Amino acid sequence: MLRIGMGYDVHKLVEERKLILGGVEIPHTLGLLGHSDADVLVHAIMDGLLGAIAEGDIGKHFPDTEPQYKGISSIKLLEHVKGVLDKAGAKIHNIDATIIAQRPKMAPYIITMRENIAKALDIELDQINVKATTEEGLGFTGTEAGISSQAIVLLDK
C-alpha cells in the first residue's frame, strides 16, 4: 500500500552555532538553534517518513529532554528512522524536500546533502530531491530570523 508523509520543521537562526543542513556544515555567520544540530532539512524528512507509517514524529522518538540527543547529528537520527521504517516493512519510493532560507545560497551544497541523506536511508540518489527557495525578504525566513524546511515522502508499506 502506498503511503504519503509530510514533514515540516523550523529553527531560529542565532550567533555562535553551526549551520548544518542535510548533514553539511555551511559557512555562515549564523547557525540554527536546537537541542540536536537543528538540521531542519533532515528533521522535516524524518517527520515525513515517520508520519507516512503512522509512527508519530521526531519529538516522540528523540525527545529534547533526553541528554543523549544534545548536539547529536541529525543524520545519525535519520539512520535510526531508517531502522523504524525497516521494522514497519516500509520502502521509500521518493522524497522531495525544500529548504526555505533567505541566505546563504544552498545550490553549492545540495548534491552533498542528497548524498548524505541517500546514504543514511540506503536509497539511490535519484530517490531524494532537495531544492531551496527564498521568501523574497518576507516572513521570518525572509528576515533571516530562522530557516524552515518541508518534505513530502512516498512509501510502500
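## Close-up views of a predicted model

**View 1. The contact between helices H1 and H3.** Val-42, His-43, Ile-45, Met-46, Leu-49 and Leu-50 of H1 touch Ser-74, Ile-75, Leu-77, Leu-78, Val-81, Val-84 and Leu-85 of H3. By class, this contact of H1 with H3 holds 11 nonpolar residues, two polar ones and no charged ones. The model shown here and in the views below is predicted.

**View 2. The axes of H1 and H3.** H1 covers residues 40-52, and H3 covers residues 74-88. Their axes come within 10 Å and cross at roughly 10°. Angles under 35 degrees count as roughly parallel. H1 and H3 are therefore roughly parallel to each other.

View 3. Five strands make up an open sheet. Their order is S4-S1-S7-S5-S6, and the pairing is mixed. Strands S4 (31-32) and S6 (128-133) are the edge strands, each pairing on one side only. H1 packs on this sheet and touches S1, S4, S5, S6 and S7. The direction of H1 makes about 150° with that of S1.

**View 4. Strand S1 against strand S7.** S1 spans residues 2-14 and S7 spans residues 146-156. The two strands pair in the antiparallel sense, over 11 bridges. Arg-3 stands opposite Leu-155 in S7. Next to this, Ile-4 has Leu-154 of S7 as its bridge partner. In a regular strand, side chains alternate between the two faces of the sheet.

**View 5. Strand S5 against strand S7.** S5 takes in residues 91-100. Nine bridges join S5 to S7, and the two strands run antiparallel. Lys-91 stands opposite Asp-156 in S7. Strands of a sheet pair through backbone hydrogen bonds, either parallel or antiparallel.

**View 6. The aromatic pair Phe-62 and Tyr-69****.** The count of aromatic pairs comes to one. Phe-62 and Tyr-69 form this pair, which is edge-to-face. The ring centres of Phe-62 and Tyr-69 lie 5.4 Å apart, with 85° between the planes. Planes over 60 degrees apart count as edge-to-face. Are the two residues buried or exposed? Phe-62 counts as buried because its relative accessibility is 10%. Tyr-69 is also buried, with a relative accessible area of 15%. The cut-off for buried is under 20% relative accessible area.

Technical notes:
Residues are numbered from 1 along each chain as its sequence is written. This is a predicted model: local features need pLDDT of at least 70, side-chain atom pairs count only at pLDDT 80 or more; totals for chains, interfaces and linings use all residues. Side-chain values use heavy atoms; hydrogens and water are left out. Two strands pair if DSSP finds at least two bridges between them. Helices (H or I, at least four residues) and strands (E, at least two) are DSSP runs, numbered from the N terminus. Rings of Phe, Tyr and Trp (its six-membered ring) pair if their centres lie within 6.5 Å; planes under 30 degrees apart count as stacked, over 60 as edge-to-face and the rest as tilted. Buried means under 20% relative accessible area, exposed over 50%, partly exposed in between (1.4 Å probe, protein chains only). Axes are lines fitted to C-alpha atoms, for helices over the stretch in contact, and angles run from 0 to 180 degrees between N-to-C directions. Angles under 35 degrees count as roughly parallel, over 145 as roughly antiparallel, 65 to 115 as roughly perpendicular and the rest as oblique. Contact means heavy atoms within 4.5 Å. Ala, Val, Leu, Ile, Met, Phe, Trp, Tyr, Cys and Pro count as nonpolar, Asp, Glu, Lys and Arg as charged, and the others, Gly among them, as polar.
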